[in-house]
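Reader: I would like a close look at one part of this model. Please set out the whole first, and keep it brisk.

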Amino acid sequence: MNLKVFSASGEIVFSADPTEIGEINRKRYFVILLQKESPFQVVPKDKESLEGRKVTSDVLETYVPLMDGGRFLGAFEIYYDITERKKQLDKLILQSSTLVLLFATGLLIAIIFILYQENITMKKRRQLEEERLQKERLQGVIEMAGAPVTS
């Protein structure tokens, strides 16, 4: 989308926009380059870049220092249009999130179903236990009364 080459003093020695050649960059991010760092950022459409330029698409703005040993010789400035790739990534993230949500919902439904079934099983178990205890009590009462026990 755009390419510039800066000298060590910050002078633009090459630019995709010939009117910028000869301008000197004294902005903070360029000083960072002098400290041997490579600032970069993703600039969303209609926002300002490090240079203060309003971009018309999603852009990766990056600066690459040119070094000789420890000496700063200059830097490349590259603006790369990432609009389509960002759309693809956003779509992939949405699809992945949807799949995770569907999977989580399915697991939640399965857990609720299992808990419901376990609740029914516990009620049946309590009911059978209660019936067994009543039968044992009845047998005990019948035995106390001296009547013959039948099963």
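How many helices and strands does the secondary structure of the protein come to? Then take me to the loop between strand E3 and strand E4.

Author: This is a predicted model, so a word on the ground rules: local features need pLDDT of at least 70, side-chain atom pairs count only at pLDDT 80 or more, and totals for chains, interfaces and linings use all residues. Residues are numbered from 1 along each chain as its sequence is written, and side-chain values use heavy atoms, with hydrogens and water left out.

The protein has 2 helices and 5 strands. Here helices (H or I, at least four residues) and strands (E, at least two) are DSSP runs, numbered from the N terminus. Along the sequence the order is β-β-α-β-β-β-α.

Now the overall form. The radius of gyration, taken over C-alpha atoms, is 38 Å. A compact globule of 151 residues would be near 15 Å, by the rule of 2.2 Å times the number of residues to the power 0.38. The C-alpha atoms fill a box of roughly 120 × 35 × 20 Å along the principal axes. Helix H2 covers residues 83-145. Its 63 residues should span 93 Å at 1.5 Å a residue, and its end C-alpha atoms are 92 Å apart, which agrees. That expected span is 1.5 Å times one less than the number of residues. Gly146 follows H2, with a positive phi near 85°.

Of the 151 residues, 22% count as buried. Buried means under 20% relative accessible area, exposed over 50%, and partly exposed in between (1.4 Å probe, protein chains only).

Now your loop. It lies between strand E3 (40-43) and strand E4 (59-68). Two of its residues deserve attention.

Start with Ser57, which sits in this loop. Its relative accessible area is 10%, so Ser57 is buried. What does Ser57 touch, leaving out residues up to four places away in sequence? The list is Met1, Val43, Pro44, Lys45, Asp81 and Thr83. A contact means heavy atoms within 4.5 Å. Val43 belongs to E3, which runs over 40-43, and Thr83 belongs to H2, residues 83-145. Ser57 and Val100 are 43 residues apart in sequence and 30 Å apart in space, C-alpha to C-alpha.

Asp46 is in the loop between E3 and E4 as well. Asp46 is partly exposed, at 47% relative accessible area. Its phi is near 70°, a positive value in a residue other than glycine.

Glu20 lies between strand E2 (12-15) and helix H1 (28-34). At 10% relative accessibility, Glu20 counts as buried. Neighbours within four places aside, Glu20 contacts Lys4, Ile12, Ser15 and Arg53.
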